[in-house]
Amino acid sequence: MTDSDALLVGRVVADDDRSAFELLVRRHQSPLRSFLRRLARNDVARADDLAQETFIKAYRGLPTYKGTAKFSSWLYRIAYTTFLNDQRKRYATTEFDEMEHGAGADDAEHASNEWDIDRALQRLSIRQRAVFELHYKKGMTHQEVASALDLPLGTVKSDLTRGHERLKAYFEVGRQ
């Protein structure tokens, strides 16, 4: 029988139980790195660095965790914010247009498309990729995604709809 996330968080906050935090890290590190890797366009080293930074921030912030959302939702919010902050730093010297960088079309790449959904997802904006990843890959409800990304529920639903439209258009062009 494994301890629930809430019990482990309680042990860390009450007793500074580092073994409890280690269990939380082991439990969540693989899905969190996967999430960050997709946002970072498969840059594994960057995703690993961001995951490490996320867990450090989570450890320091555990006393503020209220338990109103699932621990994983809270952790993904930290990861998403960490990613966005890193993204801003990377593009501080140039104007960064998320839609332009997240959805540019490359005819040569498109011609050799092997119907790879991961490649197709790279066409979405960062926020849309995050919404898709949490909803479809991590199985979160719309409300949990909204909580994790600190977005209004309507924005999550719109991102899913627009993302579906964008993916459909991408695959339709690939068939021609």
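Predicted model: local features only at pLDDT ≥ 70, side-chain atom pairs only at ≥ 80, totals over all residues.
Local features need pLDDT of at least 70 and side-chain atom pairs pLDDT 80 or more, while totals for chains, interfaces and linings use all residues. Residues are numbered from 1 along each chain as its sequence is written, and side-chain values use heavy atoms, with hydrogens and water left out.

The protein chain has ten helices and zero strands, taken as DSSP runs (H or I, at least four residues, for helices; E, at least two, for strands) and numbered from the N terminus. Of its 176 residues, 42% are buried, meaning under 20% relative accessible area with a 1.4 Å probe, protein chains only. Among contacts (heavy atoms within 4.5 Å) with a separation of 6 or more, 62% link residues 24 or more positions apart.

On the inside, the largest nonpolar core holds 47 residues; such a core is a set of buried Ala, Val, Leu, Ile, Met, Phe, Trp, Tyr and Cys residues joined through side-chain atoms within 4.5 Å. Helices supplying at least two residues each include α1 (5-15), α2 (18-39) and α10 (153-175), but the largest share, nine residues, comes from α4. Phe 35, Leu 36 and Leu 149 have the most contacts inside this core. Beyond its neighbours within four places in sequence, Phe 35 touches Tyr 76, Ala 79, Tyr 80 and Leu 149, among others.

As for α4 itself (residues 71-90), its 20 residues reach 29 Å from first C-alpha to last, close to the expected 28 Å, which is 1.5 Å times one less than the number of residues. This helix is largely enclosed by the rest of the structure, because 14 of its 20 residues are buried.

Note on methods: Buried < 20%, exposed > 50% of the residue type's maximum accessible area, 1.4 Å probe, protein only.
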